[in-house]
Amino acid sequence: MKPEHDAGVSRRNFLKWIGAGGLISTLGGLFVGSLRFLVPNVLYEPPTLFKVGKPTDFPLGQTTFLEKKRLFIINAEDGFYAISSICTHLGCNIRKAADRFECPCHGSKFSAVGDVVSGPAPRPLQWYRMKLSRTGDLMVDKGDLVDHRFRLKVVA
Amino acid sequence: MKKASDFLKGCWYSVFRTGWPQSAKEQSLVMTSSLFLHLHPVKVKKRTLAFRLTLGLGMISFFLFVCLVVTGILLMLYYTPYPAAAYRSMKDLEFAVSFGWILRNMHRWAAHGMVLIVILHLCRVFYTGSYKKPREFNWAVGVFLLILTLGLSFTGYLLPWDQLAYWAITVGSTIASYVPVVGDKIRYLLVGGNVIGEGTLLRFYVLHCFILPFLMVLLISVHFWRIRKDGGLASPEESPLPENVLEGDSGQFPPSPKTYGLMALSEGGRHRKAQWGDPENEVFSWPHLLYRELLLFMIVSAGLMLISILFQAPLEEMANPTRTPNPAKAPWYFLGLQELVHYSALLGGVLIPAALVLFLVALPYLDRNPQGAGVWFHPARRQGLVLFTVCLALLTVLTLIGTFFRGPNWALVWPW
């Protein structure tokens, strides 16, 4: 004759499931906690918003490369704009070559406004928002991406 | 005098349970009474000692790993994992620390050598069909060991903090960001922020010196242990394992390939045929196997030292995030992938490597042909051999193109 509790979950199985659940949730919690621990909350990186100089430091019609900031400042007829010098393929520094930009790592080529002309780069170069500080300095915000229509007009 | 001699003998016996083996019994005892020697079986098949079967590649890669651990620990005593200080450590090792240059060279060349030898070992195991049943799992462990070897080499690449290091890691970590959906998060975790800096160096240092070596030791142990449990090296004479091993009768011991697996015999279970452990074809590991290993270790360490004296490990100028070298190249073993990345980062950096790893892990489970285990280029495996060789040749050609035929702006150039 079978015991009655065989029809449902036995006490032994119930405790087994409780034990397994406890073990899995403990290990899972530890894993998730450890993974979250790996994501830094504070970064000691250079600020994304910084001054690049007075508007008069950038001659009209010229492209100026700010090596340490890894960007180009272009003073065009219709205003200022800033293009990143970081190749969108694998992060190498691109160089100005005549009327376009070239990447030394894998040969991607970009137009004067940063559109991909040839090579493996998947996206155009990034454009950053430019601002004018209270002291009249040009500022670039690398944390704020803008499209190709962006221009900063500076009234003398 | 006799008391002193007895005392010394007692001390010796407290550590070593046997003296220098003189008899067959002592040759057995010496292997089973030592933790380290017990990694070996008491006896090995004569044919597995033949150099032409294995070319010693597995042991050479293990010995290189030992050299890497020893030199790595010594280098750590002078290394500071902080950007400018890290580069200064390299200069100190090269010019100020006694024998620092040779230790750094040995570490560098052993790392490159280990990558090469582990790849060759994988090829040897494939071409001799040694991954076939019952060694499927050990093959998979071997594939993970290859990945760990590449990971160790890649993380170590950043530590000198020179231009070569900085830009190889820039390229490598950006490739990680091409993984669909979570790519950017993976890069952020790996780099420890948005830009490669002190956080990245510390992460790579911890990965290189603690996490990956720990995993490596763990998997090497499993790899060695499985070689023994799977009956030593693959041999065409061994009888196949009985079917449905896991579904044996209740209370029955699983079949054992060990020559002294009496547990299986005593239970009358399904076990391999008796001729499989034929004593006529076996010799004691002491001294036949151990002397060969010792000789190989001496050759590896002497060769490594010679190379390290003759060839200086590269060290370029300090890392400069604003100046990309032209061309910026990854380490040689990633140049095949970099060549593919030149066409498409997603394809070359993510999809093809992932497919390759999956293919390699699944290989012994996909290849159902039981013939050809333990024989070089067995004719019954023609299709598999051709497919593998084509893949290998493609990867080699891509690596050669990336190494010798790519110049500034990744344009095709002649190497001369």
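Trainee: Leaving aside neighbours within four places in sequence, which residues is Ser177(B) in contact with?

Mentor: This is a predicted model, so keep that in mind throughout. In it, Ser177(B) is in contact with Gly183(B), Asp184(B) and Arg187(B). Contact here means heavy atoms within 4.5 Å.

Trainee: Where in chain B does Ser177(B) lie?

Mentor: Ser177(B) sits in the loop between α8 (163-176) and α9 (183-191) of chain B.

Trainee: What makes the pair Thr174(B) and Ser177(B) a polar contact?

Mentor: The cut-off is 3.5 Å between N or O atoms. A polar atom of the Ser177(B) side chain lies 2.4 Å from the backbone oxygen of Thr174(B). That distance is within the cut-off, so the pair qualifies.

Trainee: Let us turn to the two chains. How many residues does each chain bring to the contact?

Mentor: Chain A brings 25 residues and chain B brings 29 residues. The area buried between them is about 2,100 Å². Carbon and sulfur atoms give 53% of that area.

Trainee: Why is the pair Glu67(A) and Arg323(B) called a salt bridge?

Mentor: The rule asks for a side-chain nitrogen of Lys or Arg within 4 Å of a carboxyl oxygen of Asp or Glu. The side chains of Glu67(A) and Arg323(B) meet at 2.7 Å, N to O. That value is within 4 Å, so the pair is a salt bridge. Across the interface of chain A and chain B the rule finds 1 salt bridge.

Trainee: Now the sheets of chain A. Why are β1 and β2 of chain A said to stand at the edges?

Mentor: The open sheet has 6 strands in the order β1-β10-β9-β4-β3-β2, with antiparallel pairing. β1 (49-53) and β2 (63-66) each have a single partner strand, so one side of each is left without a neighbour in the sheet. Neighbouring strands of this sheet are turned by 35° against each other on average, direction ignored.

Trainee: How do you know that β3 and β4 of chain A pair?

Mentor: Pairing needs at least two bridges. Strand β3 (residues 71-76) is joined to strand β4 (residues 79-84) by 6 bridges, so the two strands pair. They run antiparallel. Within them, Asn75(A) has Phe80(A) as its bridge partner.

Trainee: Which residues make the contact of α5(B) with α6(B)?

Mentor: The axes of α5 (residues 83-95) and α6(B) come within 5 Å and cross at roughly 115°. Met90(B), Leu93(B) and Glu94(B) of α5(B) meet Gly100(B), Trp101(B) and Arg104(B) of α6(B). By class, this contact has 3 nonpolar, 1 polar and 2 charged residues.

Trainee: What is the omega of the cis peptide bond from Lys133(B) to Pro134(B)?

Mentor: Omega is near 10° there. Pro134(B) is in the loop between α6 (100-127) and α7 (136-158) of chain B. The bond from Asn326(B) to Pro327(B) is also cis, with omega near 0°. Pro327(B) is in the loop between α12 (285-310) and α13 (335-343) of chain B.

Trainee: What is the phi of Trp161(B)?

Mentor: Phi is positive, about 55°, although Trp161(B) is not a glycine. Trp161(B) is in the loop between α7 and α8 of chain B.

Terms used. Residues numbered from 1 in each chain as written. Chains lettered and ligands numbered in written order. Predicted model: local features only at pLDDT ≥ 70, side-chain atom pairs only at ≥ 80, totals over all residues. Heavy atoms only, no water. Helix = DSSP H or I, 4+ residues; strand = E, 2+ residues; numbered from the N terminus. Polar contact = N/O pair within 3.5 Å; in protein donor to acceptor, adjacent residues only side chain to side chain. Buried area = accessible area lost by both parts, 1.4 Å probe. Axes fitted to C-alpha atoms, helices over the stretch in contact; angles between N-to-C directions. Nonpolar A, V, L, I, M, F, W, Y, C, P; charged D, E, K, R; others polar.
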